[in-house]
Amino acid sequence: MNSANLPAESLAARAARNFFTHSGHVPLVLLILEALLARPGYFSRADPYLLLAAGILQAYLMEWLAVRGQSRPFLSNLAGPLLYSLVEVGLEGVGFFQQWHHQAYWAFALGFALLQSAQAKRPKVIGSLVLAENVLRSAIPLVMYALFEARIKNTGLSLDVFFADRAHDFLAVVLLLLGMLLGFADINLRRSLATVRSLTARLRQYSEWSLGRGILDRAIVDEGTLSLQRVARAVLFMDIRGFTSWSEQQSPEAVVSMLNGYYRAAEDALGEIQPIKLKHTADEVMAVFAYVAEAVKAGSRMLAATRPLLAESNLLAGAGVHCGQVVEGVLGSEGAKAYDFIGDTVNTAQRLCDAAAPGELLVSMDACTSAGLAPAQQRDVVAKGKREPLRAAVLT
């Protein structure tokens, strides 16, 4: 989903989730290992805080790149150990790399970097790669435990010696099996999330068709947006002259094809002008704007944009614009509701549209005043339901 989608999750929230589900795993286990091996006063030194900072920095970097659509899983997975190593080498010298658990940090980072990069490049085998990533993750405590035991017993690191203990066999099998089970769960979760995202995108599209993008975006943030309220709006109507007679001689498919082209041309003509709501009813296009100048500009553009298409069928459109108070919001029964605009302003705009000659845009004098227009050509319009003629400017 693009701009103005669901409220965006903050970068801090994304980074926190990344830290606890990925980037913080090795640093946190390393911190525990070093704390147990170190003499008293470990937490008064820089080491534990450098480990935490490395994990947090990596989490922020990964999410910062993801938000911008520039994910670099290989490089960003190495950001944590790189920061930690650079600072620690400056404090301890090159002897830093002779310690097994520091080497293990880099080994796990490279493993995750390779697996996550492959997931991005080989979507057909992503299930196997996700499974492998979770097995690798489950190996973190096993490897660190082996390193911890070798240190406290002051023995060399040997797989034969480590697995000579049946308890270690049990620990290894259980942890790796747990990693596989978590991998299968992760695969199913990703599939479910993909389904939910696809469904959400479709539902959003359907909602935009009904409400309009602007109204939907505001309603997601504030449900009160949908409540009925009285506001000032500029209303534009445009419809096709002679459409009923023309459609009687056409097949339903031909009528639908022409209307779709007509709607598309009208909508494309809006360009940067964003209506509050755009509504299609048969050959009629209704657009509601916050500002009168936008409505007048949109009306002129829409007439010009639809003229070539309609000319192919010997048709033309006319349009009308009026401004004033309306009641807008969701109205209807419990079983059927719609976001609509009600009031004399809407009726008057429609009457002006009905009175417009082919190719004409009639703009009420109230709308001209609000938009700062001083049209040269004006005429009185006798509108159905109005006691007095309406004075309107004639724009072509």
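A polar contact is a pair of N or O atoms within 3.5 Å, where one must be able to donate a hydrogen and the other to accept it if both belong to protein. Keep that in mind for Y339, whose side chain makes such a contact with the side chain of E328 at 2.4 Å. What you're looking at is a predicted model, with a pLDDT that averages 91 over the protein.

**Confidence**

- Across the protein, 98% of the residues have a pLDDT of at least 70.
- Helix 10 (residues 213-221) has the lowest mean pLDDT among the elements, at 82, while strand 1 (residues 229-241) has the highest, at 96.
- Residues 1-6 are the stretch to treat with care: the pLDDT there is below 50, although this stretch has eleven contacts in the model beyond near neighbours in sequence.

- Helix 1 covers residues 11-23, which makes 13 residues.
- Five names to look for here are A15, N18, F19, H22 and S23, the buried residues of helix 1.
- Looking down the axis of helix 1, you'd find these buried residues within an arc of 115°, so they line one face of the helix.
- The cover over the buried residues of helix 1 includes helix 2 (25-37), helix 3 (47-67), helix 4 (73-77), helix 6 (100-121) and helix 7 (126-152).

**S117 in helix 6**

- Helix 6 is also where you'll find S117, a buried residue with a relative accessible area of 9%.
- Leaving out residues up to four places away in sequence, S117 touches P73 and F74.

- Most residues other than glycine have a negative phi, so the next two are worth a look.
- N154 has a phi near 55°, a positive value in a residue other than glycine.
- You'll find N154 in the loop between helix 7 and helix 8 (159-162), where N154 is exposed with a relative accessible area of 71%.
- A282 also isn't glycine, and its phi is positive, near 55°.
- A282 sits in the loop between strand 2 (277-281) and strand 3 (284-289), and it counts as partly exposed at 44% relative accessibility.

- Strand 2 and strand 3 pair in the antiparallel sense, with five bridges.
- Within that pairing, H280 stands opposite V285 of strand 3.
- The hairpin has two residues between the strands, and A282 takes its positive phi in this hairpin.

**Y339 in strand 5**

- Back to the residue from the opening: Y339 belongs to strand 5 (residues 337-342).
- Is Y339 buried or exposed? Y339 counts as buried, because its relative accessibility is 2% and buried means under 20%.
- Setting aside neighbours within four places in sequence, Y339 is in contact with L211, I215, T225, L226, K277, E328, G329 and V330.
- One of those partners, E328, is the residue whose side chain makes the 2.4 Å polar contact with the side chain of Y339.
- For a sense of scale, Y339 and L129 are 210 residues apart in sequence, and their C-alpha atoms are 47 Å apart in space.

Definitions and conventions. Residues numbered from 1 in each chain as written. Predicted model: local features only at pLDDT ≥ 70, side-chain atom pairs only at ≥ 80, totals over all residues. Heavy atoms only, no water. Helix = DSSP H or I, 4+ residues; strand = E, 2+ residues; numbered from the N terminus. Expected span 1.5 Å × (residues − 1). Buried < 20%, exposed > 50% of the residue type's maximum accessible area, 1.4 Å probe, protein only. Arc of directions from axis to C-beta. Contact = heavy atoms within 4.5 Å. pLDDT = per-residue confidence, 0-100. Pairing = 2+ DSSP bridges.
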